[in-house]
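Hello! Here are my notes on the two-chain model you asked me to look through.

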Amino acid sequence: MIILYDFELSAECYAVRLLLGFTGLAHEIRPVDMFPGREQDEAWFRALSPDGTLPVLDDDGLVLTALPAILAHIAARSGGLGRWWPAAARDEIARWFAHAESLADSALRARWIITTGDGHSLPVLQARAHALLRTLDRHVWFAEKSGADWLAAGAHPSLADVAVFPAVALCEEGGISRQDYPAIRRWLDRVRRIPGFHVMSGVFPAGPARADVPFGSQ
Amino acid sequence: MSTTPSAAVLNLWYPISAGEDAKPGQRRSTVLLDQGLNYERGADGGLTVWRATDGATALPVIERYGFIWTSLGTPPAELFPIPEYAESDRFNICAGSIGVNVSAPRAIENFLDMGHFPYVHTGILGEEPHTEVKEYDVEISGERDEVLATRCRFFQPQAALSASEGIEVEYVYRVPHPYVAVLYKSCPAQPSRMDVIAIFCQPMGEEMVRAHLMLSMLDDVNTLTSMRRFQQTIFGQDRPILENQYPKKLPLDPRAETPIRADKSAIAYRRWLSQKGINYGVIPEAA
């Protein structure tokens, strides 16, 4: 059974409801009281969605939290993959996913600030960024424990590292210190040492390789 | 340019937050009548509210109906009564505080209007062809200083979450405060009693409000989450309508807009605001 964890006033949740409607895929909706109840911060929900983001799709235990993945999954499950996510247009569609994310960061954030009266100040955005960095730090720490260097599974860095690196590398310009995230700092250094790495203003190259220096003595 | 609020405006109580959102030791800020305010709940549960520009002077504060109320003037000793709130078998809920780009009186007037139900809340609070607003009674109660609309009836496909089929619903509306409306609505679960739904407006600016929604329901079946969701769906449907009204401030001159018979309560509301000397969020009658 497909379960959508949903908040009525969320634009991202609405995108999922739309596609469920278009495809006619059978599903059940579980309302989450995101506002004002902040139910997304409760432990049971964080177990599904570590950053507390909505929507979440649970398809018989396969839990998806990223909107593009949820949409692609619904397209595939409904037998409409070729229509809704044709191979020939994936680059174009990926760009529109990115565009939608930029709009979420601008138009939807403005809408949310007006709607909830919440987050109209820098400290709230910074606190949210710290919460996201904590999740990332924890993820990297556990990955390192299991011998992995990168965000997604595999011996080679993936698009995940590339997509996440810039915002993390530049976050201190937003007044968000990385001081409390040692695992993130090690991961940033690993990305910086990927052959062919380039800097930009505000991002510095890795120091001389010191992978042999034990943690804590740096 | 914003209006300098009259004494009648300054001396009112205003909601600024759901009580449950103010956790001990967390300083929060908001805006009321174009003024920045801070507020904080102490470890003992007591509340302090002060102007962002004046940390030394504490503003009046009370907690009623699940919300925190303050005033920038000299408010009455007590807030308007909602006796039902104290009934022990009711489910009292803060259903959300939602920002809307409109004046507070426009938001109140929309809340009083039944004519839009079939068109804006299609399939829930109304449905074509049941579009008629039947004759109802309106009075300005001098004794209680409020606008009262009674005998309002409307056919609703899904009057509340606890309704299983379309019913003719009876409404009573009270406007006990210039920026507050309280709606009593026959309750599908208990036909002899009424659900209470209130909108408490916090005018942040003349054309920007936070609408605090309060429910006092006779419903022991549905969950808090689903009841909040129902109200937020309804309010979310109203929001674009409210935000597209022009002018955003409510004109008090009876000739400024053309009412129909169904707008009786709105006519009384506008007259009452005029009589009280409310000048904020409205376009006053020319002297």
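Helices (H or I, at least four residues) and strands (E, at least two) are DSSP runs, numbered from the N terminus. This is a predicted model, in which local features need pLDDT of at least 70, side-chain atom pairs count only at pLDDT 80 or more, and totals for chains, interfaces and linings use all residues. Residues are numbered from 1 along each chain as its sequence is written, chains are lettered from A and ligands numbered from 1 in the order in which they are written, and side-chain values use heavy atoms, with hydrogens and water left out.

1. **Cis prolines in chain A.** A:Pro36 sits in the loop between β2 (28-31) and α2 (43-48) of chain A. The peptide bond leading from A:Phe35 to A:Pro36 is cis, with omega near 0 degrees. A cis bond, with omega near 0 degrees, also joins A:Leu54 to A:Pro55. A:Pro55 belongs to the loop between α2 and β3 (56-59) of chain A.

2. **Chain A overall.** Chain A has eight helices and four strands. Read from the N terminus, their order is β-α-β-α-β-β-α-α-α-α-α-α. The C-alpha trace spans about 55 × 40 × 30 Å along its principal axes. Chain A has 218 residues, and 34% of them count as buried (buried means under 20% relative accessible area, exposed over 50%, partly exposed in between, with a 1.4 Å probe and protein chains only). Of the contacts in chain A with a separation of 6 or more, 53% are between residues 24 or more positions apart, where contact means heavy atoms within 4.5 Å.

3. **Helix α3 of chain A.** Which residues of α3 (67-77) are buried? They are A:Ile70, A:Leu71, A:Ala72, A:His73, A:Ile74 and A:Ala75. Their cover includes α1 (11-23), β3, β4 (62-64), α4 (81-84) and α5 (90-116) of chain A. After α3(A) comes A:Gly79, with a positive phi near 80 degrees.

4. **Size of the A–B interface.** The size of an interface is often given as the accessible area lost when the parts come together. Chains B and A bury about 1400 Å² between them, with 51% from carbon and sulfur atoms; buried area here is the accessible area (1.4 Å probe) that two parts lose on being put together, summed over both. B:Thr225, B:Arg229 and B:Gln232 supply 40% of what chain B buries against chain A, more than any other three residues. The contact involves 17 residues from chain B and 18 residues from chain A.

5. Three salt bridges link chain B and chain A (a side-chain nitrogen of Lys or Arg within 4 Å of a carboxyl oxygen of Asp or Glu). B:Arg228 forms a salt bridge with A:Asp33, and their closest N and O atoms are 2.2 Å apart.

6. β8 (91-100), β14 (208-217) and α4 (224-243) of chain B each give at least two residues to the side that touches chain A. The largest share, seven residues, comes from α4(B).

7. B:Gln156 lies in strand β10 (146-156) of chain B and is buried, at 0% relative accessible area. Not counting residues up to four places away in sequence, B:Gln156 touches several others, among them B:Phe117, B:Glu165, B:Tyr171 and B:Lys185. B:Ser6 comes in the segment before α1 (7-10) of chain B and is buried too, at 17%. Leaving aside neighbours within four places in sequence, B:Ser6 is in contact with B:Gly277, B:Ile278 and B:Asn279.

8. **Positive phi in chain B.** B:Asp34, a residue other than glycine, has a positive phi near 65 degrees. B:Asp34 is in the loop between β2 (28-32) and β3 (35-41) of chain B and is partly exposed, at 41% relative accessibility. B:Arg151 is not a glycine either, yet its phi is positive at about 60 degrees. B:Arg151 is in strand β10 of chain B and is partly exposed, with a relative accessible area of 39%.
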